[in-house]
Number of protein chains: 2
Amino acid sequence: MEWTEALLERIDKLEPAVKAWVHLDREGARRTARERAAQAAGGAVVGPLHGVPVALKDIFDVAGMPTRAGAKAFAHRQPDTDATSVARLRAAGAVILGKVTTTTFALMDPSPTGNPWNPAHTPGGSSSGSAAAVGARMAPLALGSQTVGSVLRPAAYCGVVGFKPTHGRISAAGVVPLSWSNDHVGILVRAVEDAALALQILAGPDRADPLTVSHPVDDYLAGLGGGSAPAPRIGVLRALIERAAPENAEHLTEVTRRLSAAGATLGEVVLPASFAGLHDSGQVVVRAEAAAYHAPNFPRLAEEYPPKIREALTVGQGIRAVDFLAARSHLRRFRDEMASIALRYDALLTPTAPGPAPRGLESTGDPYFCAPWSHAGMPAIALPSGLSRDGLPLSLQLVGSAFAEARLLGAAAWCESLLDFREAPRA
Amino acid sequence: MEWTEALLERIDKLEPAVKAWVHLDREGARRTARERAAQAAGGAVVGPLHGVPVALKDIFDVAGMPTRAGAKAFAHRQPDTDATSVARLRAAGAVILGKVTTTTFALMDPSPTGNPWNPAHTPGGSSSGSAAAVGARMAPLALGSQTVGSVLRPAAYCGVVGFKPTHGRISAAGVVPLSWSNDHVGILVRAVEDAALALQILAGPDRADPLTVSHPVDDYLAGLGGGSAPAPRIGVLRALIERAAPENAEHLTEVTRRLSAAGATLGEVVLPASFAGLHDSGQVVVRAEAAAYHAPNFPRLAEEYPPKIREALTVGQGIRAVDFLAARSHLRRFRDEMASIALRYDALLTPTAPGPAPRGLESTGDPYFCAPWSHAGMPAIALPSGLSRDGLPLSLQLVGSAFAEARLLGAAAWCESLLDFREAPRA
């Protein structure tokens, strides 16, 4: 009760600058929080998220709240059932605060949200509101989604932990799709342990999402090792670090030195041949699938779409099936080639973003460093790792083998403890 | 040894009229047959197909034999490993006689093969040689493949049992693809029991074919009930029977009366709404995937392709990704709608083909009645059910629920026993 009330107050204070919320359900959240408090007083605990306030990207269906996907009215829906992931959070005891901003249809047209560290900078996207709300300490947990770089990049820009597990690990049923073969439900939190806890609740097959798989769900909290985990084996993607902005490349090189000095075993990883052209193939698949999903409305309602999604759908409509299929098989080849590389390490280390959050709200930044792991469906986590000269967060990305989330989270917890990032935005 | 020798003699006698073979490995077959005879004399049995001669459609790789796919030299390959299905037959003790004809790339351009019941009629396609060889008693077992109607229709025309299990049940690794999301390895034999035995050997996941699934493999022979199986529940697709040629529709109506009189429980099944336009959607998916597979050669080598595959690839090259994706989701909708219908019966009954094998070798006939179950990935079996006025075989198709092959084969064995088809082509 007090937690929810405190966050509502904090939201009132910070929201005019941050603009993260599109639907704040004060009364519903207060009601649930009161109920949880009464349950707790009676000794009853609903689940591991008992009373924990959460924020949801506005492409997740929540019964009784509109789903607007950052789009105009033609695309709004008024669901009467929760997305599977939302239902699982609720069943675990969560208090749903409401919906936060997304870029339009989770592509690149920005929302008005500002970065909590400096509202003249982008929070990143497409999970802009999710990252900004957690970064501004308006909520301890938010759900987002990542098709290319939409969870980890905003997490990096907002100084929080962003995590997407293996494709198919969390149901996407009840979430507005962008490109189903690349869409991942993701988690934005402040600490690796919270990501592990959320995954424990969210992971597992779902009949309503045929892309979920019945691969066993591990004990993710136990995988963290309780502070006594052995130093991880980390494969460093040096070629990617060298493509980051100089300040960030230097920072990440210094981070790898610290990891090594603390006992991590570092190896140099060379990108496989199929990395060439991967981003283009990914764009082909994303645009074609997005165009297929929007075909009932687009191009009929083209004027209702903002410019970036409109252009993507226009291109997507024209992609040939043979090019789509060739692009998809390119992504699979990359996935297969990366699989044998990733197995040799607990995590691969790359930048999360080129540098800190860019100035201005017209662009949500560059997903270049996140895209490969989205297209390969590999689990990935972004950890805040320091501050730039301008006082904005920097971030480290760790990537794991498919369905080896426990191993990845263990390595991430070890790095997190070493990095000991304690900075917070001025509020 | 004697069996292989007797079949080689029979092939020598009938082949000039039937033209089923493209690569007859007399010496290899004799060598293996001698080895099997010696093993048997020593009390050693390699497996359930010990010494059984088999024929393989010329799109299956066999180590040391060319794979020509009914195509010109540019497309030939000389594999040094067996297709997974071929390796499994070999490991079960089979004697590989050689390769039999296929239409070019398993589409519609005919091979020179004639129907063993009357060589002026088509044997059907694309598994023309597989059906003709089993129909002419040149081999007791042949492998074929079905993307639209390429196993069950030629089985019907040649008076044999044709069976394709659920999509993903048998590995297609090492088989030249036409449209991987519709391609099924199929079995051509003379009796349902032989189909069950072959499936037992062939079924199961394969790391080399990512479309195979790890669904448990049942005991298919036990599922036949050993002659004392209860009478099956059969759903009759009356609307499809009415679309068959009059003689065949009358025949199948009479067959349903006999099944009912013998104790089968018959129900009338109405096709779901998604049946409308299904064939067109199937063609979109098949042509687009075929065009993607042939893209390295087509249209560069268009002149090397015969007219029907050339037209299909030309159309396939021009299909838009959005139309491909819409067609694929149409096929899935049909699969899902059929799944709940099929679960209520042991088998659904439809024609296998419009009527008996058409006269002439320029067309391989109409796959209309087989296509829906290929696109839905449901298991289906064709049973010879009588002769037409012209003395050509007629056939009954039974369709089952996904992965319920044991149930389907049990129903088929019951029907087979009642139909008691004993006719054979004059040799």
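Tutor: Two strands are taken to pair if DSSP finds at least two bridges between them, while helices (H or I, at least four residues) and strands (E, at least two) are DSSP runs numbered from the N terminus. This is a predicted model, in which local features need pLDDT of at least 70 and side-chain atom pairs count only at pLDDT 80 or more, whereas totals for chains, interfaces and linings use all residues. Residues are numbered from 1 along each chain as its sequence is written, and chains are lettered from A and ligands numbered from 1 in the order in which they are written.

Student: OK, what is the strand order in the open sheet of chain A?

Tutor: The order is 1-3-2-4-6-5-10-11-9-7-8, with mixed pairing among the 11 strands of that open sheet. Strand 1 (21-24) and strand 8 (265-268) of chain A are at the edges with a single partner strand each, so one side of each has no neighbour in the sheet.

Student: And how do strand 2 and strand 4 of chain A run, and how many bridges join them?

Tutor: Strand 2 (residues 53-57) and strand 4 (residues 141-146) of chain A run parallel and are joined by 3 bridges; opposite A:Leu141 in strand 4 of chain A stands A:Val54.

Student: Changing topic, how much of chain A is buried?

Tutor: Of its 427 residues, 60% count as buried, a residue being buried if 20 or more other C-beta atoms lie within 10 Å of its own, exposed if 12 or fewer, and partly exposed in between, with C-beta atoms placed from the backbone.

Student: Which residues of chain A touch chain B, nonpolar or charged ones?

Tutor: In chain A, 13 residues are in contact with 13 residues of chain B, where contact means that the C-beta atoms, placed from the backbone, lie within 7 Å. That side of chain A divides into 10 nonpolar, 1 polar and 2 charged residues, where Ala, Val, Leu, Ile, Met, Phe, Trp, Tyr, Cys and Pro count as nonpolar, Asp, Glu, Lys and Arg as charged, and the others, Gly among them, as polar.

Student: Which helix of chain A gives the largest share of that side?

Tutor: Helix 11 of chain A does, with 5 residues.

Student: What rotation superposes chain A on chain B?

Tutor: A rotation of 180° with 0.0 Å of shift along its axis does so, at RMSD 0.0 Å, the superposition being by least squares on the C-alpha atoms of residues with pLDDT of at least 70 in both copies. The two copies are thus related as by a two-fold rotation axis.

Conventions:
Contact = placed C-beta atoms within 7 Å.
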